[in-house]
Amino acid sequence: MKLVTAVIKPHKWEDVREALETFGVTGMTVSEVSGYGRQKGHTEVYRGAEYDIALVPKIRIEIVVQDDDADDVLGLIVKSAQTGRIGDGKVWVSPVEVVVRVRTGDRDAAAL
Amino acid sequence: MDGYYAFMLVATAFVLVMTVPALALFYGGMTRSKSVLNMMMLSFVAFGIATLVFVLWGWSEGWGADGAGNANGKLIANPFHMWGLHGVSWGNYIFVLFQLTFAAITIALASGSIADRVKLSSWVVFVPIWLTLCYFPIAHNVWGGGWLSSHWAAQDYAGGTVVHINAGVAGGILALVVGRRVGWPRDAGRPHNLTLTMIGAGLLWFGWYGFNVGSIVFTGKTEAQNVHQFMTETGVTFMNTTVATASAMLAWLVVERIVHGKATSLGAASGIVAGLVAITPSCGAVNLTGAIIVGIVAGGLCAVAVGLKFKLGLDDSLDVVGVHLVGGLVGTLLIGFVSTSSAPGGIDGLFYGGGLSSLGHQLLAALFTIVWTGVLTTVIALAIKFTIGWRITEEAEVEGIDGDQHGESAYDLATGTGILA
């Protein structure tokens, strides 16, 4: 099994979810996160004082999938989250050793 | 004058709203999310303390004069003549309450300079002493028939000196004595919720109609003259308050747009308050043109003045000096230039052929307030610093004053936290 983790622009989240659901992904964990890459932050001015806001809000999606599906899911996320502008985010895939469904105790493939 | 009495009941409730919750919201939104409750509590607690102090000895010390209703012409009045409102008739209670709300908001205004870092207990000690040594004496001198008004009467309709210059000076001194927040100015703490600040500014504007319009003082010799004064002067002060405030908001936004590239919501909220501050002393002294000038000068000048604290190295956290001292001075001194005898105040300023006399009186009243409150606030603040101390621990300040001083957090945005102990 693989863990696909994607950090994307918040406004692309609906597109990504739609693409993944159409593909057959049945669940995922989504969190609101912040960070920066080459996009860097921005400045805000309050009563004339400039503040450097280093962190940019992002959405992080985590999905555990079968080995065979990992590449497809990764490709779908890239395609649906892409705007072509700086700050689109990253997607990465990492190996997962064990998965257990809490309700039943099912393991691995049966737990997905 | 039944109508006037009913109006004062309402006006007084309007001014209460200015402190709880308007000012608390205005200031609370500008602090960090970890200190918003403390910031709001400084206003709420100030109101509580001011109320008790006011009915026990504040009225006597500020408005009691010689105890028999005659101006005493002295620097201070006896706080014990009318202890506990002794001798004040029920019919006059509403006038006591109206002034009470002014005392409360004045000290609450000053709290903006010491956001995020002060022990609640030290604030509780400071508030009654400051009201006793600074607020009531200044009110007595400007409004209550004291020394200043007997010698050099200035025009201060609703508190440019008594409220705003007073609060501005106190705030500046407090920021100086209490010291900077951990990490300031590099970590200056940007506002955490400007929607609260916008609501607060709007509510302040609303409440200010009670503050300014309710400050009418009757000068007629007959009932009919007073009714006429009430039915005309209130329209002028209401109009001037509105026009100056709108002008100041726009002026602040224009300055921001030119200097920093964007017109901000905090700028709009701040401009509103700057305009309200400046029209406070002048709302009965100027005509429509004067109100627009007062508003534009206040909004423009305060927008620039709020940047000075970084050059001075003074952590006046929410700009009590930049808005209230500067705005209060603008309103108080502009009276010397743009007041006109065609306004209810009936005095011509420099631009209307009145010469320098009005400006001189305005300047003296401002200086009197600055020196009196400057000296005494320094003494009180230092006394507290070297006895019980002002600051919470550095660790508590970094963690957040809300948890340290109140055991609360303003926002619970996570699920599944906080099981009953």
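This is a predicted model: local features need pLDDT of at least 70, side-chain atom pairs count only at pLDDT 80 or more; totals for chains, interfaces and linings use all residues.
The predictor gives the complex an ipTM of 0.82 and a pTM of 0.91. For chain B the average pLDDT is 96, and 99% of the residues score at least 70.

**Chain B overall**

Chain B is built from 15 helices and zero strands. Its radius of gyration is 21 Å, close to the 22 Å that the globule rule gives for 421 residues, so chain B is as compact as a globular protein of that length. Along the principal axes, the C-alpha trace of chain B spans about 70 × 55 × 40 Å. Of the 421 residues in chain B, 54% are buried. Take the contacts in chain B between residues at least 6 apart in sequence, and 78% of them join residues at least 24 apart.

**The cores**

Which residues have the most contacts inside the largest nonpolar core? They are B:Ala50 and B:Val294, in a core of 131 residues. Helix α2 of chain B (residues 36-63) gives this core its largest share, 14 residues. Apart from this core lies another one of 14 residues, including A:Ile8, A:Leu20, A:Ile61 and A:Val65.

Back to B:Ala50 and its partners. Setting aside neighbours within four places in sequence, B:Ala50 is in contact with B:Leu100, B:Ala103, B:Ala104, B:Ile107, B:Val127 and B:Leu131.

A few spots in the backbone deserve a look. The one from B:Val20 to B:Pro21 is cis, with omega near 10 degrees, and B:Pro21 lies in helix α1 (residues 2-30). The bond from B:Trp184 to B:Pro185 is cis too, with omega near 10 degrees. B:Pro185, though, lies in a loop, between α6 (160-178) and α7 (194-213) of chain B.

A:Arg47 has a phi of about 45 degrees although it is not a glycine, and for B:Asp319, another residue other than glycine, phi is near 65 degrees. Here is where they are:

| Residue | Phi | Loop |
|---|---|---|
| A:Arg47 | about 45 degrees | between β3 (42-46) and β4 (49-53) of chain A |

Is A:Arg47 buried or exposed? Being buried takes 20 or more other C-beta atoms within 10 Å. A:Arg47 has 26 other C-beta atoms within 10 Å, so A:Arg47 is buried. For B:Asp319 the count is 26 other C-beta atoms within 10 Å, so B:Asp319 is buried as well.

**Where the chains meet**

How many residues does the contact take from each chain? Chain B puts in 12 residues and chain A puts in seven residues. Sorted by class, the side of chain B that touches chain A has five nonpolar, four polar and three charged residues.

Terms used: Residues are numbered from 1 along each chain as its sequence is written. Chains are lettered from A and ligands numbered from 1 in the order in which they are written. A nonpolar core is a set of buried Ala, Val, Leu, Ile, Met, Phe, Trp, Tyr and Cys residues joined through C-beta atoms within 7 Å. A residue is buried if 20 or more other C-beta atoms lie within 10 Å of its own, exposed if 12 or fewer, and partly exposed in between; C-beta atoms are placed from the backbone. Helices (H or I, at least four residues) and strands (E, at least two) are DSSP runs, numbered from the N terminus. Two residues are in contact if their C-beta atoms, placed from the backbone, lie within 7 Å. The radius of gyration is taken over C-alpha atoms; the globule rule is 2.2 Å times the number of residues to the power 0.38. pLDDT is the predictor's confidence in each residue, from 0 to 100. Ala, Val, Leu, Ile, Met, Phe, Trp, Tyr, Cys and Pro count as nonpolar, Asp, Glu, Lys and Arg as charged, and the others, Gly among them, as polar.
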